[in-house]
Amino acid sequence: MSADEQKRAVGRAALDYVKPGMVVGVGTGSTVNHFIDALAERRDDIAGAVSSSEASSARLRQHGIEVLDLNSVSDLPIYVDGADEANRFLQLIKGGGGALTREKIVASASRTFVCIADESKLVPALGSFPLPVEVIPMARGLVARQITKRIGGRPVLRQSFTTDNGNIILDIHDLQIMEPIKLESTLNDIPGVVCNGLFAMRPADVLLLGGSEGVKTVT
Ligand code: 5RP
């Protein structure tokens with residue numbers, strides 16, 4: 001199976017977690033696109049979706065799935081999203097697509113976070129994938145200097161990219177993440193940081209991994 005076929009398989013497998021009448025939280029990325037395409041078959045069964053990006057909202061609407069404002073939803077039983085890296089504790093690096101802030105908001109509003117990924121995303125330790133940090137544009141230089149001083153690594157401005165919230169992304173290269181929860185908190189404390197791509201304080205609850213032998217469930 002190619003990586004794309006593995007992503008399609010996990011996207012479809014996540015449908016097992018979608019029950020009639022649910023509002024479904026929907027992440028962003030190529031794996032989630034397969035989930036959205038599969039969810040279209042269930043569009044008349046569900047109460048609608050809360051989306052984590054303009055791109056996912058557009059795809060959901062193309063399939064005739066109603067996109068609901070998170071403010072109008074009091075209970076979000078499930079959130080389905082991809083990841084750039086996952087460790088065995090289901091802590092993640094996310095934000096390769098730049099949607100990390102809304103993804104973290106919707107994930108934190110959900111009762112069950114189902115992460116879907118191909119098997120290449122499971123790593124012994126997080127950090128090979130550059131860690132995305134969403135930053136208010138005027139604080140770009142300040143935040144980059146603070147990251148270098150407090151954390152280390154090499155923050156690099158993501159070129160020609162603006163988030164759905166009108167901000168920039170600094171990708172931190174060359175990090176060895178030994179304590180993901182501590183690092184997530186340290187980054188949150190830097191003025192000008194809107195959000196960072198570590199999902200460690202609120203990890204996934206279930207990881208569906210697509211591999212050459214099918215879909216494996218990690219909890
Ligand atoms: C977007 C994300 C994505 O979930 C992550 O980048 C994985 O994407 P893909 O499924 O395309 O590999 O965090 O901000």
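Valine 143 sits in helix H5 (residues 140–150), where helices (H or I, at least four residues) and strands (E, at least two) are DSSP runs numbered from the N terminus. The model is a predicted one, in which local features need pLDDT of at least 70, side-chain atom pairs count only at pLDDT 80 or more, and totals for chains, interfaces and linings use all residues. Residues are numbered from 1 along each chain as its sequence is written.

Is valine 143 buried or exposed? It counts as buried because it has 23 C-beta neighbours inside 10 Å. Here a residue is buried if 20 or more other C-beta atoms lie within 10 Å of its own, exposed if 12 or fewer, and partly exposed in between, with C-beta atoms placed from the backbone. Leaving out residues up to four places away in sequence, valine 143 touches Val135, Leu170, Ile190, Gly192 and Val193; two residues are in contact if their C-beta atoms, placed from the backbone, lie within 7 Å. Proline 155 is twelve residues from valine 143 along the chain, and their C-alpha atoms are separated by 9.0 Å.

One of these partners, isoleucine 190, can be followed in turn. Isoleucine 190 belongs to the loop between helix H6 (180–188) and strand E10 (193–196), and with 20 C-beta neighbours inside 10 Å it counts as buried. Its contacts, again not counting residues up to four places away in sequence, are Val143 and Gln146. Between the C-alpha atoms of isoleucine 190 and alanine 144 there are 9.9 Å, although 46 residues separate the two along the chain.

Attention now turns to the nonpolar core. In soluble globular proteins, nonpolar side chains tend to be buried together. In this model the largest nonpolar core has 54 residues, and Val80, Val114, Cys115 and Ile116 have the most contacts inside it. Such a core is a set of buried Ala, Val, Leu, Ile, Met, Phe, Trp, Tyr and Cys residues joined through C-beta atoms within 7 Å. Strand E6 (residues 110–118) gives the most to this core, with five residues. Isoleucine 116 is in contact with Val10, Gly11, Ala14, Thr31, Phe35, Val80, Gly82 and Leu208, leaving aside its neighbours within four places in sequence.

Helix H4 (residues 100–109) is largely enclosed by the rest of the structure, because seven of its ten residues are buried. These buried residues are Leu100, Thr101, Arg102, Glu103, Lys104, Val106 and Ala107.

Helix H3 (residues 54–62) has Ser56, Arg59 and Leu60 as its buried residues. Seen down the axis of H3, these residues fall within an arc of 100°, so they line one face of the helix; the arc is that of the directions from the helix axis to the C-beta atoms. An α-helix has 3.6 residues a turn, so residues three or four places apart point the same way. On the other side of H3, Ala58 and Gln62 are exposed. The buried residues of H3 pack against strand E1 (23–26), helix H2 (30–39) and strand E2 (48–51). Just after H3, glycine 64 takes a positive phi of about 80°.

How do the helices meet? H2 and H3 pack at an angle of about 20°, with their axes 10 Å apart. Axes are lines fitted to C-alpha atoms, for helices over the stretch in contact, and angles run from 0 to 180 degrees between N-to-C directions. H2 and H3 are therefore roughly parallel to each other, since angles under 35 degrees count as roughly parallel, over 145 as roughly antiparallel, 65 to 115 as roughly perpendicular and the rest as oblique. In this packing, Val32, Asn33 and Ile36 in H2 meet Ser56, Arg59 and Leu60 in H3.

The axes of H2 and helix H1 (residues 3–13) come within 8 Å and cross at roughly 50°, so H1 and H2 are oblique to each other. Lys7, Arg8, Val10, Gly11 and Arg12 in H1 meet Ser30, Thr31, His34, Phe35 and Ala38 in H2.

Finally, two loop residues deserve a look. Most residues other than glycine have a negative phi. Leucine 90, in the loop between strand E4 (85–86) and strand E5 (92–93), has a positive phi near 65°, and counts as partly exposed with 19 C-beta neighbours inside 10 Å. Serine 160, in the loop between strand E8 (154–157) and strand E9 (168–173), has a positive phi of about 50° and is exposed, with 5 other C-beta atoms within 10 Å.
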